[in-house]
Amino acid sequence: MLPCLPLRAQEAEDTGTGVSLSVIPRLDITPEFNDGSGEFTFGYSSLYTLFEGNITENLSFSVMNHWASLWGTDPFGQETKDLYNKTFWHSDTNNWLDWAYLTYETGDWSFTLGKDGLLVGGIEFDDYDFEVHPATATTLWNVLPSYQWGGKIGYALGEQTLLLQVTASPYGERPFSSGLYSFGLGWNGSAGNFEWINAFTLMQTGIDGEKTQPVLSLGGRWTPSDALEVRLDLSNRVGDYVFLLSKGFMAHPTVTWSFSEKFDLVGTCVFEANTRPDDAVYTWMPGAALHWYPFGEDRNLRVHATAAYNSTFELTTLSLGVLYNLNLL
């Protein structure tokens, strides 16, 4: 059924056929240490496919499927069976169908319909999921079901794009039938070597006393040279593994140094102030990653090593893994 599902187009390669298909396996070996004890896990080991391209000059599609996962450890783990327990017609969890949508472009306007990423999270959520190291990501990235059914309108103003989105809310069990929606405004753009992804999204929760969650996300990326990239994401909400979202503040700076065409060194630190009234939590999550691309400029194969610490869970995570983007079309 994969060729029949429309999805998100992120500059599909010109293959001559108008479409591209990639299979992306990832294998991680990830020991974790907490309070003097250790546990061996397979980290973010997973299997994805990405199918996208152009149907006509104006109409494009993209489909991202998440077929398997061995990420089964607390607090945010997701095993393969969890991807299929709630199939694609659910809004309260991510599943085997990450996104699936059609985009029609005419002039400066674009119209998107299907399952798509929420306008939330800034630069961090712009990366493909299979590229991310969850131990160095924010709690918002780890717990939010960020792919929802709905529609989006975009209008381009030179190097900037304004976006308006209406989708199902991640607080509802099923899209639309739950009667809960998310309304988002986005402002993406670039100027020189600076790029930004900013958004404000209002999520209906249906919870008495807090019927909406207003999420402001500010993300910036500065690339002063080919060898250096600096990112900063800020948000007025943090992810919460019990309540999904909580009031607070999140800051996530990341620095990437590409000291050769084969190596990237990444340093990151997440700070989260979860100010929920029953139990305020302040968390530091420093981390680092080394990426090795054996084929140099062809970065389809990545070998990675990571280390991270979560102050709230007093959890140290180490990981060694490999990611391969196999282009079939």
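Mentor: What follows is a set of questions on labels and the values behind them.

Mentor: This is a predicted model, in which local features need pLDDT of at least 70 and side-chain atom pairs count only at pLDDT 80 or more, while totals for chains, interfaces and linings use all residues. Residues are numbered from 1 along each chain as its sequence is written, and side-chain values use heavy atoms, with hydrogens and water left out.

Trainee: Why is Gln213 called buried?

Mentor: Buried means under 20% relative accessible area, exposed means over 50%, and partly exposed lies in between (1.4 Å probe, protein chains only). Gln213 has 1% relative accessibility, so it counts as buried. The residue lies in strand β12, residues 210-225; strands (E, at least two residues) and helices (H or I, at least four) are DSSP runs, numbered from the N terminus.

Trainee: Which residues is Gln213 in contact with, leaving aside its neighbours within four places in sequence?

Mentor: Contact means heavy atoms within 4.5 Å. On that basis Gln213 is in contact with Tyr171, Thr201, Leu202, Met203, Thr205, Arg237, Leu245 and Ser246. Leu202 is eleven residues from Gln213 along the chain, and their C-alpha atoms are separated by 5.7 Å.

Trainee: What makes the link between the side chains of His66 and Tyr48 a polar contact?

Mentor: A polar contact is a pair of N or O atoms within 3.5 Å; within protein, one must be able to donate a hydrogen and the other to accept it, and residues adjacent in sequence count only if both atoms are side-chain atoms. The side chains of His66 and Tyr48 are joined at 3.2 Å, and the limit is 3.5 Å. A polar atom of the His66 side chain also lies 3.2 Å from the backbone oxygen of Ala68.

Trainee: Is His66 buried or exposed?

Mentor: His66 is at 3% relative accessibility and therefore counts as buried. His66 has its place in strand β4, residues 59-71, where Ser69 is also found. Ser69 is buried because its relative accessible area is 2%. Gln78 and Leu83 are among the residues in contact with His66, and both are also touched by Ser69.

Trainee: How do you know that Asp127 and Arg231 form a salt bridge?

Mentor: A salt bridge is a side-chain nitrogen of Lys or Arg within 4 Å of a carboxyl oxygen of Asp or Glu. For Asp127 and Arg231 the closest N and O atoms are 2.8 Å apart. Asp127 lies in the loop between β7 and α2 (139-143) and Arg231 in strand β13 (residues 228-240), so the pair ties together parts that are 104 residues apart in sequence. Asp127 is partly exposed because its relative accessible area is 22%, whereas Arg231, at 15%, counts as buried.

Trainee: What other salt bridge does Arg231 form?

Mentor: The side chains of Glu229 and Arg231 meet in one at 2.8 Å, N to O. By the rule, the count comes to eleven salt bridges. One of them joins Arg276 and Asp240, with the closest N and O atoms 2.5 Å apart. Arg276 lies in the loop between β15 and β16 and Asp240 in strand β13, so this pair ties together parts that are 36 residues apart in sequence. Both Arg276 and Asp240 are buried.

Trainee: Why is the pair of Phe263 and Trp292 called stacked?

Mentor: Rings of Phe, Tyr and Trp (its six-membered ring) pair if their centres lie within 6.5 Å; planes under 30 degrees apart count as stacked, over 60 as edge-to-face and the rest as tilted. By this rule the count comes to 21 aromatic pairs. The rings of Phe263 and Trp292 have centres 6.3 Å apart and planes at 15°, so the pair is stacked. The pair links distant parts of the chain, with Phe263 in strand β15 (residues 263-274) and Trp292 in strand β16 (residues 281-292), 29 residues apart.

Trainee: Why do Phe263 and Trp292 count as partly exposed?

Mentor: Phe263 is at 27% relative accessibility and so counts as partly exposed. Trp292 is partly exposed because its relative accessible area is 36%.
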